[in-house]
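Work through the exercises below with the structure in view. Try each task before you read its solution.

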Amino acid sequence: QGISTTMAGTIIGAFATAALISRPFVGWLCDSANRKKLFIAAVIAYALSTLGYTFSSTVPMFFLFRITHGVSFGIVTTLTMTMLAQFVPKQRRGEGMAIVTMSNSVAFAIVPSLAITIGNSMGYKYIYTVAAGILLVAALCICALPYKHEVVKKKFEFHWGDFISKEAMVFAVIMFAFSAISCLSNSFIAVYGMEFNITNIGWYFTIGSVCTFISQYTAGKILDKWGFKSAFIPCVIFTVLSLLILGFIRDAQAVPMFAVAGALLTLGNGGMNPVLQACSLNAVGEEKWGAASSTFYIGT
């Protein structure tokens, strides 16, 4: 309260900026340190930065916790991919990555309503307290993970290959394009719908959530069974068709055309995510999983 919208936007944006800037160094760190210990430390830092919002009373404090939150988020997401690659065999990595992305979809479907309920009944500060508690439980679960493959600690030397994976770069670029399309849809679909007198287009995102859940697992299985092209080409076709439909919507058929476009767009985008994640890891050896993961997330 009491700060300008510009400053509020800067604080909010500090999260993504910190995650993006730290990504290359996070990849190097994940390939140099004990991944299990780093994972636990990152999740605890994530929890503490989340809890920090509850007692931040000044702009600098908010900004500090927001940056810490962004950096720890970068480490956690990178290590999630990296650790999954260790525990899931290569021939089932698409399916494994799909299960992880499906869990994200379930969280996005459930958590916003849960957070609003907690905020309305107990106060909004308790949202962050509950979130921090869940993260600490996650840290305990990580402690129980077996960890046999120690990474040989590297001497710090500046080699681009240790920070950015050229093998994963093509998948990061593709993910950049698909993420951009998804952001455009999420940002402007409500305004676009109003041009056709659709005042509440929330059902568009509901359809998308269902189709995303289906496409993620299906695309991961297709990748494992038939390879990259078999999973990639349908995702591209679905996405292109959805954009064409959105571009040619007419008043009389607006609602069904929006519904079909939303289904096709999320079938394409949802399926592409686990496919590209798995391919990024498959393109390199274990010693560069961290760099490949962070390079992929730079695209995102």
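**Exercise 1.** Which handedness does the crossing of α4 and α5 have? Describe how these helices pack.

*Solution.* Note that the model is predicted.

Step 1. Find the helices. Helix α4 covers residues 93–122, and helix α5 covers residues 125–143.

Step 2. Take the geometry. Their axes come within 7 Å and cross at roughly 130°.

Step 3. The crossing of α4 and α5 is right-handed.

Step 4. List the residues that meet. α4 contributes Ala-115, Ile-118, Gly-119 and Met-122. α5 contributes Tyr-126, Ile-127 and Val-130. By class, this contact has six nonpolar residues, one polar residue and no charged ones.

**Exercise 2.** How do α2 and α3 cross, and which classes of residue make up their contact?

*Solution.* 

Step 1. Locate them. Helix α2 is residues 35–52, and helix α3 is residues 59–87.

Step 2. Take distance and angle. The axes come within 8 Å, and the crossing is at roughly 145°.

Step 3. α2 passes α3 in a left-handed crossing.

Step 4. Look at the contact. On the α2 side, the residues include Leu-38, Phe-39, Ala-42 and Tyr-46. On the α3 side, they include Phe-65, His-69, Phe-73 and Met-83.

Step 5. Sort by class. The contact of α2 with α3 has 13 nonpolar, eight polar and two charged residues.

**Exercise 3.** What does Tyr-147 touch, and where does this residue sit?

*Solution.* 

Step 1. Tyr-147 lies in the loop between α5 and α6.

Step 2. List the contacts. Leaving out residues up to four places away in sequence, Tyr-147 touches Asn-34, Arg-35, Lys-36, Met-83 and Gln-86.

Step 3. Compare sequence with space. Tyr-147 and Met-83 are 64 residues apart in sequence. Their C-alpha atoms are 9.3 Å apart.

**Exercise 4.** How many aromatic pairs does the structure hold? Classify two of them.

*Solution.* 

Step 1. Take the count. The structure holds 15 aromatic pairs.

Step 2. Classify Tyr-204 and Phe-258. Their ring centres are 6.5 Å apart and their planes stand at 85°, so the pair is edge-to-face.

Step 3. Trace that pair along the chain. Tyr-204 is in helix α8 (residues 202–226), while Phe-258 is in helix α10 (residues 254–282). They are 54 residues apart, and the pair links distant parts of the chain. Both Tyr-204 and Phe-258 are buried.

Step 4. Classify Phe-296 and Tyr-297. Here the centres are 5.4 Å apart and the planes at 75°, so this pair is edge-to-face. Phe-296 has 0% relative accessibility and therefore counts as buried. Tyr-297 is buried too, with a relative accessible area of 18%.

**Exercise 5.** Which residues form one aromatic cluster with Tyr-204? Then find what Ser-185 touches.

*Solution.* 

Step 1. Name the cluster. Tyr-192, Phe-196, Tyr-204, Phe-205 and Phe-258 form it.

Step 2. Ser-185 is buried, with a relative accessible area of 9%.

Step 3. List its contacts. Beyond residues up to four places away in sequence, Ser-185 touches Tyr-204 and Leu-265.

Definitions and conventions. Residues numbered from 1 in each chain as written. Predicted model: local features only at pLDDT ≥ 70, side-chain atom pairs only at ≥ 80, totals over all residues. Heavy atoms only, no water. Axes fitted to C-alpha atoms, helices over the stretch in contact; angles between N-to-C directions. Helix = DSSP H or I, 4+ residues; strand = E, 2+ residues; numbered from the N terminus. Left-handed = near helix turned anticlockwise from the far one by under 90°. Contact = heavy atoms within 4.5 Å. Nonpolar A, V, L, I, M, F, W, Y, C, P; charged D, E, K, R; others polar. Phe/Tyr/Trp six-rings, centres within 6.5 Å; stacked < 30°, edge-to-face > 60°. Buried < 20%, exposed > 50% of the residue type's maximum accessible area, 1.4 Å probe, protein only.
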